[in-house]
Each structure stands twice: as C-alpha cells, then as structure tokens.
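Subject: Structure handover

Hello,

Here is the structure for you to look through. My notes on it follow below.

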Amino acid sequence: MRTTVSFRICLIALSVACFFSVPEVGQSQVYIVPRRSLGAFYLGQNLGNAANAYIDAAQTARAANAEMTAQIIAARRKFWDAWERYHATDPENPEFAAASKEFAEQLWNKDLGLMLLGVTEGPYGPRTKFVEMMMGKVDGGIPKSAVRYYNKWMIAIREELGARNHTGNQPDMVMFSPANVKPILTATAEHYDRYKIFRDWAEYLAAGKTVPDFYGTWDNFLFSNVKYFGRTSGTGYAVLSDDETAKLVTQLIEVAGQDKVRKVCEKMMTYEYESPLFLQNPLRSKGGAEYSRTSDAFDWLLSQELTGKAQIIATFAVWEPGMSWEKAVADYASYQERFGEAAIQKAFAEVNQIVADRDPFSVYRYENDSFNVPRLFDRIINPAGYQQQMANEASERDQRMQAMAVEVQELKEKIAASEAQLATLNDPNRVGSAGYIEKRQNEIAQESAELRTKIQEAYAEKSKVQRETFSNYRRGPGRPEVTAPAEDSSADLLEKIQKSIEAMNLRMQELNKELSSLRTSAMNAQRETALLEASLKLDKMNLEMKEKILSQPAQGQ
C-alpha cells in the first residue's frame with residue numbers, strides 16, 4: 001500500500017503540475033515547452049472540462065497527500081521509538097534498522113513527489129505555488145532550514161533537462177518521462193546528498209535531539225564535515241566522494257594525530273549550530289577573528305592544539321585563504337626539501353614573534369613590506385628567493401603599468417571622441433538629432449492645428465455656398481422667377497473650395513507620415529544617445545580606476 005500511494009502521488013503531481021498527460025514509457029526524455037505556445041494550447045481545450053478535471057485531480061492529490069502524510073508521521077514515530085531503545089546500546093538491532101529504512105524511504109518518497117510537483121517551472125514558478133495552494137503539502141513540505149538546498153537540487157534537475165531561467169513570472173518550462181527520472185536523479189545526486197544532511201538535521205532538531213545525537217561519534221562528525229563542507233568549488237562547497245573523504249581524513253589524522261583530532265571533534269560537538277554548516281555563536285580568536293563556518297572553526301581549533309611540524313602545516317592550511325590541508329602538507333614538504341627542518345622551525349618561531357596574538361587573517365608590516373602569515377614565513381626562510389620574487393613582481397608590475405598607461409591614453413582619446421559624437425547627436429540644428437526632431441515635431445503639431453482650422457473653415461464656406469445656391473434655384477407656386485447666379489459664383493466656387501480642402505487633407509497626410517517617421521527616428525536617436533552615454537560613463541569609471549592604480553606607489557616604496 002505504501003508503494004502504491006507514493007507512486008500514485010508522484011504521477012498525479014507530474015501530470016497536474018505540467019497540465020499534460022504523463023508520457024508513455026520510451027518517449028523522449030526532455031520536453032521543452034516554449035512559453036509562447038501555451039496560449040494556443042489553452043485555446044484548444046474545452047475549458048469547462050479542463051477546469052473540472054483539474055479540480056478532480058487536485059482533490060485526489062489532497063487525499064493522497066493526507067494519506068502519505070499519515071504514513072510519514074507513523075514512520076517517524078516508529079523511528080524515534082526505536083532510536084530511543086536501541087541507538088545507544090544496540091545500534092545494529094534489526095528492528096532499529098527496519099524503522100530507519102522505512103522512515104528514510106518515506107522521506108525520499110516525499111522529496112520525490114514534491115520535486116515532481118515543482119520541477120516544471122521550478123521552485124519559484126507561479127504555477128508551482130498555485131498548485132501547492134490547491135493541493136496542500138505532504139507532511140508540511142520541505143523543512144525551512146533545508147529549503148535552500150532542496151531548491152538547488154531542483155534547479156540542478158531542471159538544468160539537466162535544459163532549463164536556464166528559473167525565476168520571475170515566466171521561468172523556462174520542462175518535463176520528463178517518469179521512465180527517465182532515475183538517470184536525472186543520478187546526475188544530481190551530489191545536490192540531493194547535501195540537501196539530505198540539512199533535512200535530517202531538521203528532523204533531529206524537531207525531535208529535540210542534540211549534535212552528538214545527530215552525528216553519533218566524533219569520527220562520524222569528522223567524516224561528514226570533510227565530505228560535505230570541506231572543499232570549495234566555483235559554485236560553493238562541493239560534496240566529496242567517500243574515497244576522497246577517507247583520503248583527506250587519513251591525511252589529517254596523520255598530520256595532527258588522532259587524539260588531537262578527536263579532542264577537537266568532541267569539542268565541536270558541544271557547540272550549538274544554526275545548521276550543519278554554521279555555528280550559532282562564532283568562535284573568536286585572541287586577535288578578534290571570527291569562525292562561524294563549521295569547517296573553518298574546526299581548522300582553527302585544531303591549529304591551536306598542535307605543535308612543531310603539525311602546527312606549521314596547520315598554519316599554512318588555516319591562515320592562507322583558499323588553502324587546503326592537502327596543499328599545506330605539500331608546501332611543507334617542499335620547504336623541508338629546500339631548507340631543512342631546523343630552518344623551518346627557526347623561521348616559524350620568528351613568524352610567531354611578529355604575529356603574536358593578532359588576527360591571523362591580518363596583513364602585517366615587516367621591513368617596509370606587507371605580508372599575510374604564509375608570505376611572511378616565506379620571506380623569512382628564503383630571503384634570497386624573496387628578493388628575486390620581489391624583483392620579478394616589480395618587473396611584471398612595471399610591464400603592467402606601462403600597458404595600463406597606454407590603455408589610459410586610448411581611453412582618453414575614446415572619451416573625447418564619444419563626447420564629440422554625443423554633442424553632435426544632441427545638436428538641435430543637425431537634421432536627425434534629438435533636438436532637431438523635437439523642434440520639427442513642434443512645427444508639425446503647429447502646422448497641423450492650423451490646417452485643421454482652415455479645413456473646418458473651408459467646409460463651413462462650402463456649406464454656405466451650397467445653401468445660397470439651392471435657395472436661389474428654389475421654385476414653387478406664387479414664387480417669382482429668380483435670376484440664376486453667375487457661373488463662377490456657384491459651381492466654380494464650390495470646385496475651388498473642394499480642391500482647397502483636398503490639398504489641405506493631402507498636406508495633413510504628409511505631415512502625419514513625417515510625424516510617424518520622426519517618432520521612429522526619435523526612438524532610435526534616444527536609444528543611440530542612451531547607449532553612447534552608458535558607454536561613456538563606463539569608460540570614465542574605467543579611466544578613473546586605472547589612473548588611481550597608476551598613481552599608487554609600488555609595494556615597499
């Protein structure tokens with residue numbers, strides 16, 4: 001029964017969220033629905049039947065949601081009952097394992113159903129929010145603390161399906177066949193694994209559990225934090241494979257020693273956390289530095305426990321932004337090969353004297369130069385190499401400055417040309433300029449108003465002549481003969497008036513045509529002017545920045 005309901009709600013979510021029937025097995029994996037085609041789709045439906053079908057589907061989904069929510073609540077209660085009985089004394093108990101598996105499956109079914117419900121337009125799409133409102137949410141939806149990572153998972157799925165725009169009122173629409181859900185989920189498993197950590201964390205907090213309850217042992221804490229929060233990538237923290245994690249954990253323990261690593265892990269497990277990623281209250285060093293991210297706080301605490309070689313490696317890992325323990329070990333080995341252990345220890349002792357208890361991320365002054373800690377160490381242990389490095393950097397800087405000076409001159413010439421072009425565009429006497437167009441539009445408006453007045457007057461005169469002509473030719477019993485007016489005083493006059501009216505109407509048409517053309521020209525002129533002004537502004541900002549760089553003295557001067 002559990003599988004039937006879960007599968008049914010997924011199919012209902014997919015079909016209702018997409019407003020299409022679920023594709024048959026074997027159909028194409030990706031269905032990109034252009035937004036502009038939706039109007040034709042809706043117009044081709046029987047709207048009354050479609051509305052009834054939608055309401056029926058929503059009601060069915062609500063019932064399925066309620067049933068699935070009840071199953072999740074029951075599985076959650078069973079899991080925590082088993083956890084209380086077995087987690088401390090018999091964690092391998094079959095009853096505990098079965099309850100854990102059932103609860104995990106129910107949460108997975110919930111995640112899958114909600115993903116299928118919202119994947120068409122994404123987590124921010126207006127239809128997703130509307131469907132959620134109509135159907136309700138299974139088990140209250142995604143925990144608030146995990147929503148960010150759930151949304152990243154859904155967006156990753158949508159990008160696998162070809163979507164690029166996920167926000168606004170018109171996000172890209174995508175659909176896929178249920179038969180092809182598995183390969184998409186496999187491709188986005190890293191995002192789901194990250195989300196799952198935050199989802200499970202929310203379950204533990206909701207049950208009143210602690211950090212030690214969540215991780216269990218210090219080595220689980222260490223493994224989880226290295227796996228999920230221990231490596232940065234271009235888009236944030238990346239999830240390591242189990243093999244990569246095991247390699248880094250082994251290396252860390254070899255460098256620092258298991259006892260010290262365990263001590264720091266157990267200490268970290270006593271703190272309060274906003275989430276698995278951040279401490280509730282940042283740790284503060286004597287120098288004032290704050291460590292709120294879990295991995296940063298761990299590295300810093302561990303560095304305080306170490307001595308000798310391990311302390312130096314930790315210094316490289318913690319005090320150099322972007323450094324990793326793996327690279328720190330490699331750097332130490334390189335120093336050891338070039339200078340020997342005694343020179344390393346002596347240089348590090350001198351670094352400690354200079355740094356004292358200050359913020360490890362500060363920049364220090366030493367012999368008129370600025371250093372962070374690893375560079376200061378390199379300066380002290382390798383003065384000849386440092387001097388050569390400084391000479392190389394000075395040469396490279398001179399070359400960059402020379403190239404930048406050329407760029408500054410080119411920018412000044414470009415700015416002068418742009419300003420001249422802008423002045424030409426805005427010259428009211430130049431045909432096609434914004435000023436000329438505005439002036440000509442005012443002239444046309446004035447001439448058109450005068451023509452309308454003259455046309456009205458001509459029509460009035462024409463009516464008057466026609467009335468007088470008809471009155472003079474009127475006959476009837478008892479009415480005397482009336483002499484017909486002269487030929488030029490009637491028909492010829494009316495013809496002249498009519499020709500005048502036609503000429504004025506023709507002129508009005510010409511003016512309207514010219515006005516329409518001027519409006520188009522005005523839009524083009526405004527766009528050209530706006531683009532030139534924007535480009536000019538950027539060039540001036542770039543020039544100011546480069547001139548400021550050129551005016552700064554070289555380091556050490």
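The crossing of helices H12 and H13 is right-handed, a crossing being right-handed if the near helix is turned clockwise from the far one by less than a right angle, and left-handed if anticlockwise. This is a predicted model, in which local features need pLDDT of at least 70 and side-chain atom pairs count only at pLDDT 80 or more, while totals for chains, interfaces and linings use all residues. Residues are numbered from 1 along each chain as its sequence is written, and side-chain values use heavy atoms, with hydrogens and water left out. Helices (H or I, at least four residues) and strands (E, at least two) are DSSP runs, numbered from the N terminus.

H12 and H13

H12 covers residues 258-268 and H13 covers residues 294-305; their axes come within 10 Å and cross at roughly 135°. Axes here are lines fitted to C-alpha atoms, for helices over the stretch in contact, and angles run from 0 to 180 degrees between N-to-C directions. H12 is therefore oblique to H13; angles under 35 degrees count as roughly parallel, over 145 as roughly antiparallel, 65 to 115 as roughly perpendicular and the rest as oblique. On the H12 side, the contact (heavy atoms within 4.5 Å) is made by Lys 260, Val 261, Lys 263, Val 264, Cys 265, Lys 267 and Met 268. H13 brings Thr 294, Ala 297, Phe 298, Leu 301, Leu 302 and Glu 305 to it. Sorted by class, the contact of H12 with H13 has eight nonpolar residues, one polar and four charged. In this sorting Ala, Val, Leu, Ile, Met, Phe, Trp, Tyr, Cys and Pro count as nonpolar, Asp, Glu, Lys and Arg as charged, and the others, Gly among them, as polar.

H10 and its surroundings

H12 also packs against helix H10 (residues 218-229), at an angle of about 85° and with the axes 9 Å apart. That angle is why H10 is described as roughly perpendicular to H12. From H10, Trp 218, Phe 221 and Leu 222 take part, and from H12, Gln 258, Val 261, Arg 262, Cys 265, Glu 266 and Met 268. The contact of H10 with H12 has six nonpolar, one polar and two charged residues.

Asn 225 lies in H10 and is buried, with a relative accessible area of 7%. Buried means under 20% relative accessible area, exposed over 50%, and partly exposed in between (1.4 Å probe, protein chains only). Asn 225 and Thr 245 are 20 residues apart in sequence, and their C-alpha atoms are 9.3 Å apart in space. Thr 245 is in helix H11 (residues 242-256) and counts as buried because its relative accessibility is 0%. Leaving aside neighbours within four places in sequence, Thr 245 is in contact with Phe 223, Val 226, Lys 227 and Leu 240.

Cores

A nonpolar core is a set of buried Ala, Val, Leu, Ile, Met, Phe, Trp, Tyr and Cys residues joined through side-chain atoms within 4.5 Å. The largest has 62 residues, of which Leu 222, Val 261, Met 268, Phe 298, Leu 302, Trp 325 and Phe 377 touch the most other members. Helix H3 (residues 47-86) gives the most to this core, with eight residues. A second, separate core of 27 residues includes Leu 114, Met 115, Ala 146 and Ala 163.

Beyond its neighbours within four places in sequence, Trp 325 is in contact with Gln 251, Leu 252, Val 255, Asp 299, Leu 302, Leu 306, Ile 313, Ala 314 and Ala 317. In helix H17 (residues 373-381), eight of the nine residues are buried, Phe 377 among them.

Other helices and a loop

The axes of helix H18 (residues 383-425) and helix H20 (residues 491-551) come within 9 Å and cross at roughly 150°. H18 is therefore roughly antiparallel to H20, and the crossing is left-handed. The contact of H18 with H20 divides into 13 nonpolar, five polar and 11 charged residues.

Asp 139 lies in the loop between helix H5 (126-135) and helix H6 (147-160). Its phi is near 55°, a positive value in a residue other than glycine. Asp 139 counts as buried, at 17% relative accessibility.

The whole chain

The chain has 20 helices and nine strands, and 39% of its 557 residues count as buried. Among contacts between residues at least 6 apart in sequence, 70% join residues at least 24 apart.

Regards
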